[in-house]
Amino acid sequence: MLAETGIPTKENLASIMPPDERLAQGPVAIAECFQNIPCDPCYHSCKQGAIQEFQDINDRPQIDFNKCNGCGSCMSRCPGLAIFVVDATYGDNEALVKIPYEFLPIPEVGEIVTAINRAGQPVADAKIIKVQNTKVQDRTAIIWLAVPKEYMMEVRHFKVKEVR
Amino acid sequence: MRQIEIAIVGGGPAGLAAALNASKLGARVILIDRNDYLGGQLIKQTHRFFGSKQQRASERGIDIALELAREVMSNEHIEVLTKATALGYYEDGVLLVEQAGKIIAIKPERVIIATGGAEKTLLFPNNDLPGVYGAGAVQTLVNVYGVKPGQRVLMVGAGNIGVIVSYQLLQAGVEVAAIIEAAPRIGAYWVHAAKVVRAGVPIYTRHTILRAIGEREVKGAVIAQLDENWQPIPGTERELAVDVICLSVGLTPLTELLWQAGCQMTFVPELGGNVPLRNEQLETSVPGIYVAGDVGGIEEASAAMMEGALAGLNAAASLGYTCDTLIDDRQNVLQQLAGLRSGPVGEKIRKGLAQCSL
């Protein structure tokens, strides 16, 4: 389980996943935050009001998927890098996964990288679609990956193929 | 003999917050730190902090350190002594400080001890080989001096520090072979753990290090699985080729000055060792001596900053300084502290603090 391995279980994930109907409508944030810890920047970062106000700072984020437009503002504010955006409508065979990334080198648009799952294992090749790395993000880049659709709920990291 | 209203020992998050808050009420402060910089451990903390907005959550320790240090340095009420070591506190209320080979005697009306903590170590054969480091040292090498400690690291301890330093090693281009943890559960926030695991670092709970391998330096480590009684299970030994073994097995409060001052101390495992008894004002059993931050019990930087703020306000208020918002300010800090410590991960701290109140 998560507390022993650091890898969220299927049950963990099932409890926070947006419904298929919502996924079919476009990009949406998924907070893979499974522990009650004293932390609330995600709530304060959401301009859509999609992350419900915390009654207690130890509450876990509850996302109103109907209010979330997948903008990703919350992603670079989360100290745990635990929020991702998935867009299942990106293509017929590909989905978009947005990943918070704090390693160098930052990949370039068009680059092919190795998509990695939550256990640290490579699962597929992925293409860099966009790199967001503005001052507001304060050194937490958001990298948009196009991945084969079947892996959109598995890919949560990537490795660049080689250091330039 | 230097006379001063408030002397603060330690220029980390607690000491800086104490200095700013005491001076805000008008008190004159001397802030003493043995390093040549202010900020304490904050200056190595490149990751974003947890907590609430008021506690600067989502900001990075390095940025908080810079900002607080600048504020302190430009404050007319605060005199900063860096590269200055507090040598002792004597019964006549004199604090002796060594700076650049000279001894300075300070007679403060109030003292705030914010000396932080020291790393614990671990007993195993060959733990004296070059290549065995404390996590704080590794973090200093990597994040302060820009030096790689080695090529491949075994991290011992899956608390927040072990996991975060592992992440920072990865960011620095150093491989982390594994994080091992003797306890059955990961002590770090799980989001941190998930972050390093997906970056390729396995975490093995119920595992310990049996010995370091090497003659003149670390060449590897032997790890093994632990049973229910924390004993190594024969046959589970595994050898890892690493050139650094990084120990992150806990901190203990740095309390020498408090002992010397005659403060009543008590052993509280939940807080990391011996800690001073203190009242809600953070004043110890010796009137006029306050504590803030890890020296009062190992916690984390946000709590240290709030305790510092509280000790600073209280020490200044006890000298007769006040402002219109003093009561609210204090109440606000107390409420934030209570919030931080309120959840399940704060349980240990709450249990510990219950044992050391005056």
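Is Leu81(A) buried or exposed, and what is its relative accessible area? In this predicted model, local features require pLDDT of at least 70 and side-chain atom pairs pLDDT 80 or more, whereas totals for chains, interfaces and linings use all residues. Residues are numbered from 1 along each chain as its sequence is written, chains are lettered from A and ligands numbered from 1 in the order in which they are written, and side-chain values rest on heavy atoms, with hydrogens and water left out.

Leu81(A) is buried, with a relative accessible area of 2%; buried denotes under 20% relative accessible area, exposed over 50%, and partly exposed the range in between, for a 1.4 Å probe and protein chains only. The residue lies in the loop between α4 (41–45) and β2 (83–87) of chain A. Asn126(B) is located in the loop between β7 (117–119) and β8 (132–134) of chain B and is partly exposed, with a relative accessible area of 31%.

Chain A contains four helices and seven strands, these being DSSP runs numbered from the N terminus (helices H or I, at least four residues; strands E, at least two). From the N terminus, the order of elements is α-α-α-β-α-β-β-β-β-β-β. The loop between β3 (94–101) and β4 (112–117) of chain A holds Pro105(A), and the peptide bond from Leu104(A) to Pro105(A) is cis, with omega near -5°.

The radius of gyration of chain A is 15 Å, which agrees with the value near 15 Å for a compact globule of 164 residues. This radius is taken over C-alpha atoms, and the globule rule is 2.2 Å times the number of residues to the power 0.38. Along the principal axes, the C-alpha atoms of chain A fill a box of roughly 45 × 35 × 35 Å. Of the 164 residues of chain A, 55% count as buried. Among contacts (heavy atoms within 4.5 Å) in chain A between residues at least 6 apart in sequence, 59% join residues at least 24 apart.

The accessible surface of chain A, computed by the Shrake-Rupley method with a 1.4 Å probe, comes to about 7600 Å², and carbon and sulfur atoms account for 49% of this area. Chain A carries 17 positive and 21 negative side chains, with the centres of the two sets 5 Å apart. Lys and Arg count as positive and Asp and Glu as negative, without His and the chain ends; each charge is placed at NZ of Lys, CZ of Arg, CG of Asp or CD of Glu.
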